Amino acid sequence: CSIEAAREPDKQKQSEHLFKEGKICQEHLQDEDRAKEAYNASLQLNPDHYQARVTLALLLDQQWEFDEAVVHLTKANEIAVPEDKNAIVRALVRALPHVNEYKQALELINGLLENEPNDIEIIKQGIAIATKLNDYETQIKLLESAAEFYLVKDDNAQLADTLAQLVTISV
């Protein structure tokens with residue numbers, strides 16, 4: 001990977017060229033460090049290059065560089081088109097607990113559940129975060145949602161586990 005975007009005449013084209021170089025470095029050459037350099041260079045030229053920001057954020061998340069990933073995901077969420085917001089928020093929900101931003105993650109989870117109240121993966125993430133925060137009210141609400149989900153899915157083993165957790169909290 002060689003970063004040759006300086007040959008491109010305008011910043012938008014340079015930024016796009018760098019983004020594409022980053023993708024080649026990451027996907028074909030397996031050179032994640034050079035890919036990060038290219039994505040960062042792309043964003044220096046065009047801070048609103050959505051694909052470069054999201055791709056960099058996901059790469060950082062994979063490398064457990066959660067502080068930087070959260071910064072880029074937050075910015076991506078600000079500039080995302082509505083149909084992409086859900087995926088960005090989900091990535092933020094996964095990354096925020098790693099930087100001890102539990103309350104913000106829980107707020108985002110509540111927003112996701114307004115649109116998708118039966119998303120069991122989000123419900124389980126919410127339960128884990130509410131447990132970490134000792135937020136018993138939210139924990140109970142989410143456990144009730146999980147119990148309802150498992151009841152409808154006729155998953156008796158998961159239902160029993162969820163009800164046991166509810167009883168433990170309620171006591």
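Modeller: The discussion below covers helix packing and then aromatic rings. This is a predicted model, in which local features need pLDDT of at least 70 and side-chain atom pairs count only at pLDDT 80 or more, while totals for chains, interfaces and linings use all residues. Residues are numbered from 1 along each chain as its sequence is written, and side-chain values use heavy atoms, with hydrogens and water left out.

Colleague: Why is H3 called roughly antiparallel to H4?

Modeller: The axes of H3 (residues 50–62) and H4 (residues 66–79) cross at roughly 150° and come within 8 Å. Angles over 145 degrees count as roughly antiparallel (under 35 as roughly parallel, 65 to 115 as roughly perpendicular, the rest as oblique). H3 is therefore roughly antiparallel to H4.

Colleague: Which residues make the contact of H3 with H4?

Modeller: Contact means heavy atoms within 4.5 Å. On H3 the residues include Tyr-50, Val-54 and Leu-60, and on H4 they include Phe-66, Leu-73 and Ile-79. By class, this contact has ten nonpolar, one polar and four charged residues.

Colleague: What are the distance and angle between the axes of H2 and H3?

Modeller: The axes of H2 (residues 32–45) and H3 come within 9 Å and cross at roughly 145°. Among the residues that meet are Glu-32, Tyr-39 and Leu-43 in H2, and Arg-53, Leu-56 and Gln-62 in H3. The contact of H2 with H3 divides into seven nonpolar, four polar and three charged residues.

Colleague: How many aromatic pairs does the rule give?

Modeller: Rings of Phe, Tyr and Trp (its six-membered ring) pair if their centres lie within 6.5 Å; planes under 30 degrees apart are stacked, over 60 edge-to-face and the rest tilted. The count comes to three aromatic pairs. One of them joins Trp-64 and Phe-66, at 5.5 Å centre to centre with 55° between the planes, and is tilted.

Colleague: Why is the pair of Phe-149 and Tyr-150 called edge-to-face?

Modeller: The ring centres of Phe-149 and Tyr-150 are 5.4 Å apart and the planes stand at 75°, so the pair is edge-to-face.

Colleague: What makes Trp-64 exposed?

Modeller: Buried means under 20% relative accessible area, exposed over 50%, and partly exposed in between (1.4 Å probe, protein chains only). Trp-64 has a relative accessible area of 64% and is therefore exposed.

Colleague: Is Phe-66 buried or exposed?

Modeller: Phe-66 has a relative accessible area of 10%, so Phe-66 is buried. Phe-149, at 16% relative accessibility, also counts as buried, as does Tyr-150 at 7%.

How values were computed:
Axes fitted to C-alpha atoms, helices over the stretch in contact; angles between N-to-C directions. Helix = DSSP H or I, 4+ residues; strand = E, 2+ residues; numbered from the N terminus. Nonpolar A, V, L, I, M, F, W, Y, C, P; charged D, E, K, R; others polar.
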